[in-house]
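Here is a short briefing on helix packing and chain contact. Read it with the structure open.

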Amino acid sequence: MNFDLSEEQQMLNDSLRRFVTNEYSFEKRGEIISSGTGIDRATWSNFAEMGLLGFTFPEDFDGLGGNAVDTMVVMENFGRGLVVEPYLATVVLAGGLIRDAGNDAQKADILPGIASGERLLALAHYEPGARYNLSHVQTTTRKDGHHFRISGHKTAVLHGGQANQLVVSARTSGSVNDESGLSLFLVDRDAKGVKVDDFATHDGHRTAEISLSNVTVSADNLIGTADGAFPAIEKAVDLGIAALCAEAVGAMEAMNAATLEYIKTRKQFGVPIGKFQVLQHRMADMFIQTEQARTMAILAASEADSDDRAQRREAVSMAKTLVGQAARYVGQQGVQLHGGMGVTDEMFAAHLFKRLTLINLLFGDADHHLAQVSDGLLV
Amino acid sequence: MDLNYTPEQEAFRAEVRQFLDENLPDDIRERVQKRLRPDKAMTERWQKILFDKGWGASTWPEEFGGTGWSPVEQIIFEEECALAGAPRQLDFGLRMVAPVIMTFGNEAQKKRFLPGILSGEDWWCQGYSEPGAGSDLASLRTSAKLEGDHYVVNGQKTWTTLGQHADWIFCLVRTSNEGKPQQGISFLLIDMNSPGIEVRPIIMLDGEHEINEVYFDNVKVPAGNLVGEENKGWTYAKFLLGHERTGLANVGQWKAMMKRLKEVARQEQDGQRPLIENTRFRDRLAQLDAELRALELTVLRVLTDKRGPGPQASILKIRGTEIGQQLFEMLMEAGGQDPIAHIPEALELDYNGPRAGSMEATPSAGDYFNMRKLSIFGGSNEIQRNIISQLVLGL
């Protein structure tokens, strides 16, 4: 057993840590968020040059053949600096799906464009009322010769408004909540019948509500086999969860550092407030939660690429449960220990708290994933 | 012992409910129930309606124009108002500075200030905390020097809630540096229109402007605006904090929230079933419901105790704020991924644009973030636990 990063991963970690510290300041992040697209293209190009955008793609398609542990290294650093660019949406989720389910022509068409930073993709899967149930898909398709016509409504499409193309899940057979009968389609965001409502999120990212009304795509745009997309969707979401767990660990680490600094310098009653035992124990608990979460993020990253579904799902759901709980605790207590300053927009801690809160909500909160683990005990 | 309301109290509840049915304007009700952005005019309108009915101050004695209601009647009124969707009345005047003026102010001050608070004509804010004086409030440094018939005030206050609307601010100021820090503090009423006052907004983490910094640069305040005696302000401040903490239990609001949360849990879908059928969510709801019931009865126990609220008020502040925070957290979580979207323009009554998920989901994350303040302000919950351990338990 070996928990060490490889030499390459260590180098990646070091250079990303430098990047976040030196080139992704809180002020710069604020400017990016208030810009029109919420994405800094220069930063994105920088990521492309560093090889990050194709890290987990096969070498044949301009990638580096990396795995979920590499993604973990990237996301942990992004969490530390609260990077808002669409790495999760484009590289991990949509890119991961094309890599795992696409045919060679689709991979050749799409993956190099993602790796170079030219193309942004998003996964349009969740639907109103589904909550966190991945098989709850009501979007319909109608086969029309060599074409499919897609109609439905997608929600929580991360960076959907910024993507050039969407990977859309839809029902080609079966009824809502069936795992079988789902298919994936590549849809141009600007295609006729696609309506996108783009929103900022509370944590400086972007999300979209997307409605599809008789959107016509060629059968060549079908990703993977018709009716059989559920396992690929589930795995992509598991990869996304593992990435979010790592991001949360980075954000918690940053929260602990900011809070520690604050309670060492903020004086009340003539002493730094960090001298008060009640705050010392709170800080110790935040540290414990973070280290536990770190372990679980490593577990999730190690299992996320696995095709052993039961083993992967259990590891990922256990990780999201404990990471979600830790994100809640560390986020809330980080704010609490900052006192009034913690609830102001000018403090980094407040933004870490918001991201940590949303990470818990994304792809299943702690309760949802505890239920998954719990249901697994019945099998 | 009887935990039931008396027939008279039930009749009183019916009377309040009927009044609310007939007099609470629909647009105000809608704004409150949808948790849209608060509005100064709305609060003033509602205060005026209550004032015209003679119900402007539910916690005041009749001699000052209050209702003279018993603590139980006050609770019933507050609860019915919250359930009906009435806006919360402004605490700073009615529940904070007014009791201080009634108890420690002179006749001229009572005559000058209480009517404006009662009618809602005067908007008050609180000048307690300073950048260097939060939990350690007694270390405050804003100074007031008596020069002839007025004080000259210099310094800075912070976390001034809704100070941007205020006509008046009640301040703790330092009038002496002799002895213990608590001994040199005075309680001063300051006109916000005085030359030398500057209000700067602080944007909160939900992106909203609710709190402010208030700067005082050689502000002249008539000496007659000193409440009680010079250097006795700490006593009045502690008296006021006791009132604030009882109010912070906020049972009426939380009961209205709980009712809404149960409705939301029935409306939101969790795949093929309503969210309320999700046992993990429902168990947490049940737990919180039990805790809220305990809070409600504890508040009634404390308020009907003839000895008045002592350090036990800290229990109410802690439990009230923790329960409130959990209600907002569950309301957010009920929305699944919908609350992630931040749509500030949707917090206005006339918004008809796109949103993610239900009407309830739209403000829920922002509200959850905002409500983290509850365990920080009014004496942080850590300070409240110190009060319990020191003043109640003698540790």
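In chain B, α8(B) passes α9(B) in a left-handed crossing. The model is predicted.

**Helix pair in chain B**
- The contact draws on Val251(B), Trp254(B), Lys255(B), Met258(B), Leu261(B), Lys262(B) and Ala265(B) from α8(B). From α9(B) come Phe281(B), Leu285(B), Asp289(B), Leu292(B), Leu295(B), Glu296(B) and Val299(B).
- By class, this contact of α8(B) with α9(B) has 10 nonpolar and 4 charged residues, and no polar ones.
- Helix α8(B) covers residues 251-267, and its axis lies 11 Å from that of α9(B), at an angle of about 160°.
- Angles over 145 degrees count as roughly antiparallel, so α8(B) is roughly antiparallel to α9(B).

**Contact between the chains**
- Chain B contributes 36 residues to the contact, and chain A contributes 39.
- On the chain B side, at least two residues each come from β6 (197-203), β9 (269-270), α9 (279-303), β11 (341-342) and α11 (364-370).
- The largest share of that side, 3 residues, belongs to α11(B).
- The side of chain B that touches chain A splits into 15 nonpolar, 13 polar and 8 charged residues.
- Strand β6 of chain A (residues 194-201) pairs with β11(B) in the antiparallel sense, over 2 bridges.
- Thr201(A) stands opposite Ala341(B) in β11(B).

**Helix pair in chain A**
- Helix α4 (residues 68-81) and helix α7 (residues 230-265) of chain A have axes that come within 7 Å and cross at roughly 40°.
- That angle makes α4(A) oblique to α7(A).
- The crossing of α4(A) and α7(A) is right-handed.
- Residues of α4(A) in the contact include Met72(A), Met75(A), Phe78(A) and Arg80(A). Among those they meet in α7(A) are Leu239(A), Ala246(A), Val249(A) and Glu253(A).
- The residues of the contact of α4(A) with α7(A) divide into 12 nonpolar, 4 polar and 4 charged.

**Record annotation**
- UniProt, in an unreviewed entry, lists residues 6-121 of chain B as "domain: Acyl-CoA dehydrogenase/oxidase N-terminal".
- In the model, residues 6-121 of chain B are 69% helix and 0% strand. The end C-alpha atoms of this span lie 36 Å apart.

Methods
Residues are numbered from 1 along each chain as its sequence is written. Chains are lettered from A and ligands numbered from 1 in the order in which they are written. This is a predicted model: local features need pLDDT of at least 70, side-chain atom pairs count only at pLDDT 80 or more; totals for chains, interfaces and linings use all residues. Axes are lines fitted to C-alpha atoms, for helices over the stretch in contact, and angles run from 0 to 180 degrees between N-to-C directions. Helices (H or I, at least four residues) and strands (E, at least two) are DSSP runs, numbered from the N terminus. Angles under 35 degrees count as roughly parallel, over 145 as roughly antiparallel, 65 to 115 as roughly perpendicular and the rest as oblique. A crossing is left-handed if the near helix is turned anticlockwise from the far one by less than a right angle, and right-handed if clockwise. Two residues are in contact if their C-beta atoms, placed from the backbone, lie within 7 Å. Ala, Val, Leu, Ile, Met, Phe, Trp, Tyr, Cys and Pro count as nonpolar, Asp, Glu, Lys and Arg as charged, and the others, Gly among them, as polar. Two strands pair if DSSP finds at least two bridges between them. UniProt positions are given in the numbering used here, feature names are shortened, and annotations may be inferred rather than shown by experiment.
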